[in-house]
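Colleague: I would like to learn how to read the features of a model like this one. Can we go through them one at a time?

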Amino acid sequence: NTADPRDRAAGLLLGAALGDALGSRFEGMSAVRADQLDEVETSEGELRYTDDTVLTLVLAEHFAERSPGSGIQQQDLALDFARAWRAEPGRGWGGGIGHVFRAVLSGSEWSSAARNSFGGQGSYGNGAAMRVSPVALAAPTPPEAATLGLRSGEVTHAHPDGAHAAAVQGCAVHLALSTPADTALDPDRFLDRVAGCCPDSRWISLLERTRAVPRSSSPAEAAERLGNDVTAPGSVPLALFSFLRHPDSPREAVRFAIAAGGDTDTIGSMAGALAGARCGATALPPEPLRRLEGAGRLRELGTLLAG
Ligand code: 8NA
Ligand code: MG
Ligand code: MG
Ligand code: MG
């Protein structure tokens with residue numbers, strides 16, 4: 001693990017993209033074997049990322065274009081997300097998100113566009129949490145990362161389960177970024193601190209459920225207990241667990257997340273952001289990193305946002 005804040009910031013964004021790109025090969029499979037993971041890590045050719053990283057980049061650029069501390073301009077952010085969706089329809093988008101983006105592009109306010117999806121319920125997909133990691137570089141403290149996460153999430157995900165997932169993941173990435181490099185990570189203390197930043201009762205109970213999973217569980221057992229699907233409550237807990245299981249190895253954290261199957265790109269990405277934030281870019285596996293699409297820009301943005 002590194003103590004260098006710039007290496008950690010680069011690791012956060014590169015870890016998120018690497019988990020996405022590696023996991024995208026297996027999206028929707030019920031489980032992934034070690035030899036399948038070995039093959040995608042070592043094969044030739046570019047590792048392309050998906051919607052998760054497209055939107056993570058949009059959020060990172062949103063902060064990079066503004067002076068530090070200026071927060072989030074929600075209508076601008078909604079429009080930038082929607083334009084990125086329109087520009088790259090082939091990136092593997094969620095089923096309902098196109099309705100939100102289409103409404104924003106035709107002039108709706110973000111709040112009504114988000115609220116009108118899924119019959120007025122709003123989305124509880126994991127799309128707000130999957131893209132949230134840059135808030136950890138823009139917010140000075142974990143509670144402020146949670147607040148910024150919520151503000152970034154609600155522009156598309158009006159259902160509280162979907163929006164608060166971004167608060168949870170954003171503050172968890174901030175906490176991972178600030179864990180001491182030379183001290184073993186205490187999973188209970190980590191989950192306590194996440195819960196302390198997130199006043200949503202549904203997410204407090206999901207964090208308790210995460211804590212209750214035996215640390216020695218296999219990926220399949222963890223998926224059985226926590227879920228591995230495209231909903232926020234069914235994926236953010238598994239990403240947190242994958243990181244807490246392998247807090248000192250981004251490669252192992254991402255492999256655990258992907259081996260669990262289901263929404264592998266997104267759960268891999270969220271685990272990769274957490275582990276990359278703690279361990280730094282220098283701790284990421286060099287061979288797949290060399291083949292990662294957009295790695296130069298991701299590293300540059302991380303370093304820039306680290307200040
Ligand atoms: P979203 O808002 O469409 O939510 C994702 C899914 O969650 C929806 O398609 C629904 O199945 C379900 N869902 C969400 N809210 C509700 C609700 N209120 N009622 C019933 N069902 C609901 O999109 P998102 O951006 O949140 O999704 C992110 C996911 O989509 C990520 O996994 C991402 O990788 C992508 N994804 C792509 C593929 C693909 O085919 N390439 C497959 C799965 C997911
Ligand atoms: Mg994706
Ligand atoms: Mg992310
Ligand atoms: Mg996905």
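Predicted model: local features only at pLDDT ≥ 70, side-chain atom pairs only at ≥ 80, totals over all residues.

Modeller: A backbone N or O atom of N126 lies 3.5 Å from an oxygen atom of ligand 1. For G127, a backbone N or O atom is 2.8 Å from an oxygen atom of ligand 1. D52 takes part through its side chain, with a polar atom 3.2 Å from an oxygen atom of ligand 1.

Colleague: How much of ligand 1 does the protein bury?

Modeller: Taken alone, ligand 1 exposes 820 Å², and the protein buries 76% of that. Ligand 1 is surrounded by 23 residues, the closest being G96, Q121, S123, H157 and D263.

Colleague: Next, the metal. Which residues coordinate the magnesium ion (ligand 2)?

Modeller: Ideal angles are 109.5 degrees for four tetrahedral donors, and 90 or 180 degrees for six octahedral ones. In this model, the magnesium ion (ligand 2) is coordinated by T50 through OG1, and by D51, D52 and D265 through OD atoms, at 2.0 to 2.3 Å. Water is not among the atoms, so the site may look incomplete.

Colleague: How are the donor residues of the magnesium ion (ligand 2) spaced in sequence?

Modeller: The spacing is T-D-D-x212-D.

Colleague: Is T50 buried or exposed?

Modeller: T50 is buried, at a relative accessible area of 11%. D51 is buried as well, with a value of 6%. Both assignments follow because buried means under 20% relative accessible area.

Colleague: Now charged pairs. How many salt bridges does the structure hold?

Modeller: The general idea is that side chains of opposite charge can pair when their charged atoms come close. The structure holds 20 salt bridges. One of them joins D192 and R211, with 2.7 Å from N to O. D192 is partly exposed at 43% relative accessible area, and R211 is partly exposed at 21%.

Colleague: What is the distance between the closest N and O atoms of R215 and D188?

Modeller: It is 4.0 Å, and the two residues form a salt bridge. This pair links distant parts of the chain, with R215 in the loop between α12 (201-212) and α13 (219-226) and D188 in helix α11 (residues 187-197), 27 residues apart. The distance deserves attention because the cut-off for a salt bridge is within 4 Å. R215 is partly exposed, at 32% relative accessibility, and D188 is partly exposed, with a relative accessible area of 32%.

Colleague: Last, the aromatic rings. How many aromatic pairs does the structure hold?

Modeller: A pair of aromatic rings is described by the distance of the centres and the angle of the planes. The structure holds four aromatic pairs. In one of them, the rings of W85 and F101 have centres 5.8 Å apart and planes at 40°, so the pair is tilted. W85 lies in helix α4 and F101 in helix α5, so the pair ties together parts that are 16 residues apart in sequence. W85 is buried at 16% relative accessible area, and F101 is buried at 1%.

Colleague: What is the angle between the planes of F241 and F256?

Modeller: It is 45°, with 5.8 Å centre to centre, and this aromatic pair is tilted. F241 counts as buried at 1% relative accessibility, and F256 is buried at 5%.

Colleague: Which residues do ring pairs link into a cluster?

Modeller: The cluster consists of W85, W93 and F101.

Notes
Residues numbered from 1 in each chain as written. Chains lettered and ligands numbered in written order. Heavy atoms only, no water. Donors = N, O, S within 2.8 Å, 3.2 Å for Na, K, Ca; no water. Buried < 20%, exposed > 50% of the residue type's maximum accessible area, 1.4 Å probe, protein only. Salt bridge = Lys/Arg side-chain N within 4 Å of Asp/Glu carboxyl O. Helix = DSSP H or I, 4+ residues; strand = E, 2+ residues; numbered from the N terminus. Near = heavy atom within 4 Å. Polar contact = N/O pair within 3.5 Å; in protein donor to acceptor, adjacent residues only side chain to side chain. Areas by Shrake-Rupley, 256 points an atom, 1.4 Å probe, with all protein chains shown as cover. Phe/Tyr/Trp six-rings, centres within 6.5 Å; stacked < 30°, edge-to-face > 60°.
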